[in-house]
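This briefing goes through a protein structure by topic. Have the sequence and the 3D view open while reading.

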Amino acid sequence: MAIITQITGKWVTLCQWINNAAVIPGLLLIVLADIAARTIWQAPIPWSQEVVGLLILVLFFTGLPVITARSEWLAVDFLGRWRNNILQRSLPVLFRVAVGLFFLIIAAGGAYATREMLLYKETSLILAIPHWPLAMLMCLSGLLSALIVAVQPGAGPHRPGASPPRMPPGNQPGKKVH
């Protein structure tokens, strides 16, 4: 189990590095260039919206395993307020199973979409960028996220009824930082 946790940790680090080194700077540069083109020449860059849309998908699917590994999910804690002890103990397990199944559905959808996009040779309209690598990324992201939920304790959604994750010193709400 420890080797699987190490392998998923390396993949999560790679996903985070892809976002920080390429996707976010690429999004920023393309959007700024498009704003400049609209301001100076009163015309947008023809392919900018297409590429930005694809980069946002990459950002989402490479970010999914990262937030799963860090347990940075948004959660609504209305079920954790129940006082039934059996339900209190079983909810975290049920949530992990549900989230794991959700990720497996994402992976299956990505696998199906990859097959279809390869079969029909789907590409973007202007630059003819093939779409199947994004569908493959969706499949791999779902599989990696499901694996993280299965093997990493504390990964996935926040446990109902538990106290929220602690913030690092200096980043606590209400505390002034000088």
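A residue is called buried when its relative accessible area is under 20%, exposed when it is over 50%, and partly exposed in between, using a 1.4 Å probe and protein chains only. This is a predicted model, in which local features need pLDDT of at least 70 and side-chain atom pairs count only at pLDDT 80 or more, while totals for chains, interfaces and linings use all residues. Residues are numbered from 1 along each chain as its sequence is written, and side-chain values use heavy atoms, with hydrogens and water left out.

**Overall build**

- The protein chain has 4 helices and 0 strands; helices (H or I, at least four residues) and strands (E, at least two) are DSSP runs, numbered from the N terminus.
- Read from the N terminus, the order of elements is α-α-α-α.
- The protein chain has 178 residues, of which 34% count as buried.
- Contact means heavy atoms within 4.5 Å. Of the contacts in the protein chain between residues at least 6 apart in sequence, 73% join residues at least 24 apart.

**Helix α1**

- Helix α1 covers residues 2-41.
- The expected span of a helix is 1.5 Å times one less than its number of residues.
- The buried residues of α1 include Thr8, Val12, Cys15, Asn19, Val23 and Asp34.
- Among the elements that cover the buried residues of α1 are α2 (48-70) and α4 (132-151).

**Helix α4**

- Helix α4 has 20 residues, and its first and last C-alpha atoms are 29 Å apart, close to the expected 28 Å.
- Buried residues in α4 include Leu134, Ala135, Cys139, Gly142, Leu144, Ile148 and Val151.

- Thr62 lies in helix α2 and is buried, since its relative accessible area is 3%.
- A polar contact is a pair of N or O atoms within 3.5 Å; within protein, one must be able to donate a hydrogen and the other to accept it, and residues adjacent in sequence count only if both atoms are side-chain atoms.
- A polar atom of the Thr62 side chain lies 2.6 Å from the backbone oxygen of Val58.
- The Thr62 side chain also reaches the backbone oxygen of Leu59, at 3.5 Å.
- Leaving out residues up to four places away in sequence, Thr62 touches Cys15, Ile18, Asn19 and Leu137.

**Salt bridges**

- A salt bridge is a side-chain nitrogen of Lys or Arg within 4 Å of a carboxyl oxygen of Asp or Glu. The count by this rule is 3.
- Arg38 pairs with Asp34, with the closest N and O atoms 3.0 Å apart. Both residues lie in α1, 4 residues apart, which is about one turn of the helix. Arg38 is partly exposed at 39%, whereas Asp34 is buried at 9%.
- Glu72 pairs with Arg70, with the closest N and O atoms 3.9 Å apart. Glu72 is partly exposed at 46%, and Arg70 is partly exposed at 42%.
- Glu116 pairs with Arg115, with the closest N and O atoms 2.5 Å apart. Glu116 is buried at 17%, whereas Arg115 is partly exposed at 49%.

**Cysteines**

- A disulfide is a covalent bond between the sulfur atoms of two cysteines. In the model, a disulfide is a pair of cysteine sulfur atoms within 2.5 Å.
- The search of the whole structure finds 0 disulfides.
- Cys15 is buried, with a relative accessible area of 8%, and Cys139 is buried at 10%.

**Positive phi angles**

- Most residues other than glycine have a negative phi.
- Gln42 has a positive phi, near 55 degrees. Gln42 follows α1, sits in the loop between α1 and α2, and is exposed at 62%.
- Ala128 also has a positive phi, near 55 degrees. Ala128 sits in the loop between α3 (85-120) and α4 and is partly exposed at 47%.
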